[in-house]
Amino acid sequence: MTGSLSNKMALGKSIKMYLTIFVATTCIYMVLYQYHVSRQPLTANEVVKHPEKTSLPSSSYIASYLWAPMLNSSVINGTMGVEQIQVHGQVRVHGPNTTDSSASASASGSAAASASSSGASVYSTVSLPQTLSSNGNLKSISSTTTTTTTTTVAATVPTTPTTTTTTTAIDKLKTPITQSSHAHKLLGKAAHKIRSRFVAVSEPPPLYIITPTYRRPEQLAELTRLGYTLKHVLNLLWLVIEDANKTNPLVAHTLDRIGVPYEYLVAPMPEQYKHTKKAKPRGVSNRNRGLDYLRANASEGVLYFADDDNTYDVNIFEQMRYTKKVSMWPVGLVTKTGVSSPIIREGKLDGYYDGWIGGRKYPVDMAGFAVSVKFLHERPNAKMPFKPGYEEDGFLRSLAPLQNSEIELLADECRDILTWHTQTKKNPPAQPFNATRYANTNLAFIEKLLVRP
Ligand code: UGA
Ligand code: MN
């Protein structure tokens, strides 16, 4: 009896012990699990970008109120990303789809098409691999995309449907925005690493970027770099104008791949300047061709001459977009002064700072001013002279009458540098290719991509 009683007591004790261990283990496990969950990266559906909280530092950030917060690229994936890209495609007035046959795919309502053609053109960092590859497929299907492209400009797009789709886009954006502050809290310290990304809630005026280019070993590299800068800019048409008698399929192929809406035209330098030993008027016939194009095809917005070798901060594009007549700003890496800039004294334009004045009324660099298309229409004779060193001055003078007080001063009233006159090192032409030795290798393909002068 005594034995069985003590046995029962021992059994009871051990049951109690096991229970205690079980409960304790469960507790520890739960605590560990909670900790693990708190360290997990959040899923795309939970995390959306927070609205920009910084106050606007100066009047030069004029476009800011037109912009609404957009999803952050680092957290976009799956359906969320695609939906945003589609939304974005609706906001755009003209995408790459306006210049090639992918327009039909987009117009037919194919989600994939609109995502790849429009979305990919703006969100280079957002674009998913499959988006890009579908873009590639689209391009390869559209065999007529090379050489001179068709004409479609913002002004030709009917206003009413655009407004309607824009409203839809805003509605779709509402959900992520309201969730965003919650996500911000959840993200805690990591939040400062998240960059703002914006999408226009109302359609901004179109930008026409006139880029002279010419055949040389660096050409495709320059156009690629500039193209991906322009890809960050909404409602833009890139006028790529080559100093040549005919278009180059390699250039067209590069422009297609970048996916920025473009026109590829040619405008050769007149023979008389080609063979001179003196300085040549570089890019002048190209820019005048661009002006002709705008006179024929555009009615509003702003034009800007962007040489293919310079460096541009995308903020300058948002600032120049609202130019009423002419706007100006500093350009870094110009002459021995290191910068070419309007001088602002007591809030007013009071001359120019540049290492070479040369009797110019407007001693500014090509990258340092923009002109309103409406204003260009009011000056039908405005053009660029074939006068090396005086191209900018001659063109700006041809816009007369123009008061100094009418020149808008951008880049934080010319206190900041957002454009640079960078120059690329000249590369020697590639040596001749030995087609026999490297027949049936990849080199036979690469060789065809080389741009020899
Ligand atoms: C500087 C200015 O930044 C130019 O805007 C100006 O046209 C030029 O000086 C000038 O006064 O001649 P810079 O860097 O010296 O430019 O010249 P490049 O960059 O070689 O050429 C300017 C643009 O014209 C480039 O976009 C280039 O691709 C194009 N270009 C150049 C041609 O179309 N054809 C040519 O033979 C050379
Ligand atoms: Mn240059």
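Biologist: Let me start with the ligand: which residue has a polar backbone atom 3.2 Å from an oxygen atom of ligand 1?
Modeller: That residue is Arg-282, whose polar backbone atom sits 3.2 Å from an oxygen atom of ligand 1. Please keep in mind throughout that this is a predicted model.

Biologist: And which side chains have polar atoms by the ligand's oxygen atoms?
Modeller: Asn-286 has a polar side-chain atom 3.0 Å from an oxygen atom of ligand 1, and for Asp-307 an N or O atom of the side chain is 2.8 Å from a ligand oxygen atom. Taken alone, ligand 1 exposes 680 Å², and the protein buries 89% of that area.

Biologist: How many residues surround ligand 1, then?
Modeller: There are 21 residues around ligand 1, and the closest are Pro-212, Asp-243, Asp-307, Asp-309 and His-421. By type, the shell around ligand 1 divides into 11 charged, 6 polar and 4 nonpolar residues.

Biologist: Which helices and strands each supply at least two residues of that shell?
Modeller: Strand 3, which covers 207-213, helix 10, which covers 284-297, and helix 13, which covers 391-397, each supply at least two residues of the shell around ligand 1.

Biologist: What about "active site", which residue does UniProt list for that?
Modeller: The unreviewed UniProt entry lists Glu-392 for "active site", and Glu-392 has its place in helix 13. With a relative accessibility of 8%, Glu-392 counts as buried. If its neighbours within four places in sequence are left aside, Glu-392 is in contact with Arg-360, Val-364, Asp-365, Met-366 and Phe-369.

Biologist: Back to helix 10, where you placed part of the shell. What is the side chain of Tyr-293 joined to by a polar contact?
Modeller: The side chain of Tyr-293 is joined to that of Glu-263 by a polar contact of 3.2 Å. Tyr-293 has its place in helix 10 and counts as buried, at 2% relative accessibility. Along the chain, Tyr-293 and Leu-239 are 54 residues apart, while their C-alpha atoms are separated by 8.8 Å.

Biologist: New topic: why do we call helix 8 largely enclosed?
Modeller: Helix 8, residues 249-258, has 10 residues and 7 of them are buried, so it is largely enclosed by the rest of the structure. The buried residues of helix 8 are Leu-250, Val-251, Ala-252, Thr-254, Leu-255, Asp-256 and Ile-258.

Biologist: What do we find at the start of helix 8, and what follows it?
Modeller: At the start of helix 8, a side-chain oxygen of Asn-248 reaches to within 2.9 Å of the backbone nitrogen of Leu-250. Helix 8 is followed by Gly-259, which has a positive phi, near 90°.

Biologist: And Arg-321, where does it sit and what does its side chain reach?
Modeller: Arg-321 sits in the loop between helix 11 (314-320) and strand 8 (326-328), and its side chain reaches the backbone oxygen of Pro-205 at 2.8 Å. Arg-321 counts as buried, at 1% relative accessibility. Leaving aside neighbours within four places in sequence, the contacts of Arg-321 include Pro-204, Pro-206, Val-233 and Val-302.

Biologist: Last one: how many helices and strands does the whole protein have?
Modeller: The secondary structure comes to 15 helices and 14 strands, and buried residues make up 44% of the 453 residues in the protein. Among contacts between residues at least 6 apart in sequence, 75% join residues at least 24 apart. The protein exposes about 23,900 Å², of which carbon and sulfur atoms supply 59%.

How values were computed:
Residues numbered from 1 in each chain as written. Chains lettered and ligands numbered in written order. Predicted model: local features only at pLDDT ≥ 70, side-chain atom pairs only at ≥ 80, totals over all residues. Heavy atoms only, no water. Near = heavy atom within 4 Å. Polar contact = N/O pair within 3.5 Å; in protein donor to acceptor, adjacent residues only side chain to side chain. Areas by Shrake-Rupley, 256 points an atom, 1.4 Å probe, with all protein chains shown as cover. Helix = DSSP H or I, 4+ residues; strand = E, 2+ residues; numbered from the N terminus. Nonpolar A, V, L, I, M, F, W, Y, C, P; charged D, E, K, R; others polar. UniProt positions renumbered as here; feature names shortened; annotations may be inferred. Buried < 20%, exposed > 50% of the residue type's maximum accessible area, 1.4 Å probe, protein only. Contact = heavy atoms within 4.5 Å.
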